[in-house]
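Here is a short report on selected parts of one protein model. Please keep the sequence and the structure open while you read.

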Amino acid sequence: MFDLIVTGGVAVLPSGAEPADIGVSGGKIAAIGGPGSLAPVGAARVVDAAGQIVIPGGLDPHIHCSSPIPFPGRNEDLLSAPPEQVSRAALYGGTTTMLDFALCPPDVPLQSSIEARQREWAGACYTDYGFHLMLRGHQNPAVFNALPEAVQSGHATVKIFTTDIRPVNEGRMVKFGDIWETLKVLAKVGGLATIHAEDNDIVMHMYEKLIREDRVGFENMAEVHNTLSEDLSFNRVIRLAENVEGAALYMVHVSAATGVAAIAASRARGFPIYGETLHQYLLYTAEDYKKPNGQMFHTYPSIKHAEDQKALWAGTNHGAIQAVATDEVCCPLKIKLQGRRIDDTTGGNSGVEPRVALMYTHMVTKRGYSLNEFVQLVSTNAAKIMGLYPKKGALAVGSDADIVLLDPRAGRTVKAADLHETDYTPWEGHEVTAWPTLTILRGKIAVENGQLLATPQDGQFLPRKIPDEIRSRPAV
């Protein structure tokens with residue numbers, strides 16, 4: 001007898017979408033069969049998925065929980081919402097795995113930084129989770145010596161900034177010599193570099209220029225964090241990585257056509273590079289900064305222009321973009337709106353809950369993407385790239401039973417009052433054509449018909465290892 005059978009739905013399997021029943025035992029998918037085929041075995045609980053789409057749990061590879069939200073003139077940074085709050089919203093939205101960041105200051109032993117982050121999350125997350133290591137500033141050589149052990153213990157990805165982002169954020173940027181050394185270490189031990197790439201000289205020049213011209217309103221943000229910056233920075237870091245044997249790159253929050261083109265060109269040369277974009281970039285442009293409270297749409301790098309959005313969508317169609325993330329920085333609206341200038345506007349926003357439904361709407365309903373293509377972009381591809389597949393990101397025998405029922409009859413208008421993140425959503429008023437009705441995490445029903453059944457102790461840390469296939473060629 002199974003612990004659970006999901007029956008009657010259209011299951012999005014690795015081989016394609018088809019009517020199928022799924023049997024769950026011990027937190028794993030134990031069997032997949034044709035409609036009704038598992039009934040004779042029986043189960044403690046049978047879930048009727050008739051009329052619904054059955055997909056693997058979503059994976060958001062770019063989350064910032066309990067992360068500093070800097071603001072000029074304030075001595076102590078505020079923090080974004082903690083993992084308990086964000087992961088709860090994720091489950092409601094059909095996301096069962098989140099990847100956040102462990103900040104690793106150069107003056108703190110790497111292992112100490114990792115352990116501190118693990119303590120913050122242990123017993124405080126509804127979803128399963130993992131960490132990218134985040135390097136900032138000038139690196140102590142001890143970091144390079146400690147990285148191999150950290151990667152081999154399951155922290156397989158390292159985030160690096162090529163810019164300070166804002167004048168007040170001095171100290172984020174990692175110099176190219178240190179990036180080079182990091183790439184060499186990761187190449188040797190099987191890690192993957194995740195890059196926030198902007199050209200710092202161009203960005204800081206544009207801050208100075210616009211401040212001098214008294215054009216400091218946040219609606220000018222796309223002039224500061226511009227397409228030329230993405231072009232120069234992407235191509236520079238790609239050129240560096242292509243000269244390190246065994247290196248591989250994951251470019252976070254690709255926002256411009258120039259970034260898409262740089263990734264595509266490198267992939268065409270056979271280099272293992274992958275692109276992530278955000279649902280903000282796919283659905284908003286710089287024109288939206290002009291709306292009331294337009295700061296709520298902003299993240300770093302800025303949202304760009306219609307031609308960039310068109311290129312990003314093209315990139316999701318078996319091109320340079322493999323994953324759609326959120327860059328989640330969940331905070332109250334008053335914090336999101338606290339800055340009005342190009343140099344003080346809060347980045348990130350709350351988006352983890354509606355991500356899956358929004359992408360289904362704009363991929364499957366509006367653009368005709370197949371169900372498999374949609375699932376690849378919100379779950380499977382990130383699982384493969386980040387070293388979690390097929391444990392995560394697949395409805396397959398042996399995979400974790402992370403299962404979501406997505407109901408195309410449950411379309412609705414997105415409203416902050418109906419969500420579980422914070423007191424606003426940048427997606428207010430958006431129409432979605434489906435919504436999750438049930439979320440299962442490792443065989444346990446976590447959310448059912450709007451009722452939370454999970455606990456913060458349910459989430460487990462996920463050690464990761466990047467497959468050689470991912471690191472040897474553009475395999476996804």
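How many bridges join β16 to strand β19, and in which sense do they run? Five bridges join the two strands, and they run antiparallel. The model is a predicted one.

## Strand β16 and its partners

Strand β16 spans residues 403–407. Strand β19 covers residues 435–441. In this pairing, I403 stands opposite I440 of β19. Strand β16 also pairs with strand β5, residues 53–56. That pairing is antiparallel too, over four bridges. Here L406 of β16 has I53 opposite.

Is β16 mostly covered or mostly open? It is mostly covered, with five of its five residues buried. In a regular strand, side chains alternate between the two faces of the sheet. In β16, I403, L405 and D407 point one way. V404 and L406 point the other way. Both sets are buried.

## Helices α4 and α7

Helix α4 runs over residues 176–189 and helix α7 over residues 227–242. They pack at an angle of about 40 degrees, and their axes are 10 Å apart. That angle makes α4 oblique to α7. The crossing is right-handed.

Which residues make the contact? From α4 come F176, I179, W180 and L183. From α7 come R236, V237, L240 and A241. What kinds of residue are these? Seven are nonpolar, none is polar and one is charged.

An α-helix has 3.6 residues a turn, so residues three or four places apart point the same way.

## Helix α10

Helix α10 takes in residues 306–316. Its buried residues are D308, Q309, A311, L312, W313, G315 and T316. What covers them? The cover includes helices α7, α8 (257–268) and α9 (279–283). It also includes strand β14 (273–278) and helices α12 (355–365) and α13 (371–385).

Just after α10 comes H318. This residue takes a positive phi of about 60 degrees.

## G275 in strand β14

G275 lies in strand β14. Is G275 buried or exposed? It is buried, because its relative accessible area is 0%, and under 20% counts as buried.

Which residues does G275 touch, leaving aside those up to four places away in sequence? They are M251, V254, I263, A320, I321, Q322 and A323. Q139 is 136 residues from G275 along the chain. The C-alpha atoms of G275 and Q139 are separated by 26 Å.

Key: Residues numbered from 1 in each chain as written. Predicted model: local features only at pLDDT ≥ 70, side-chain atom pairs only at ≥ 80, totals over all residues. Heavy atoms only, no water. Axes fitted to C-alpha atoms, helices over the stretch in contact; angles between N-to-C directions. Parallel < 35°, antiparallel > 145°, perpendicular 65-115°, else oblique. Left-handed = near helix turned anticlockwise from the far one by under 90°. Contact = heavy atoms within 4.5 Å. Nonpolar A, V, L, I, M, F, W, Y, C, P; charged D, E, K, R; others polar. Buried < 20%, exposed > 50% of the residue type's maximum accessible area, 1.4 Å probe, protein only. Pairing = 2+ DSSP bridges.
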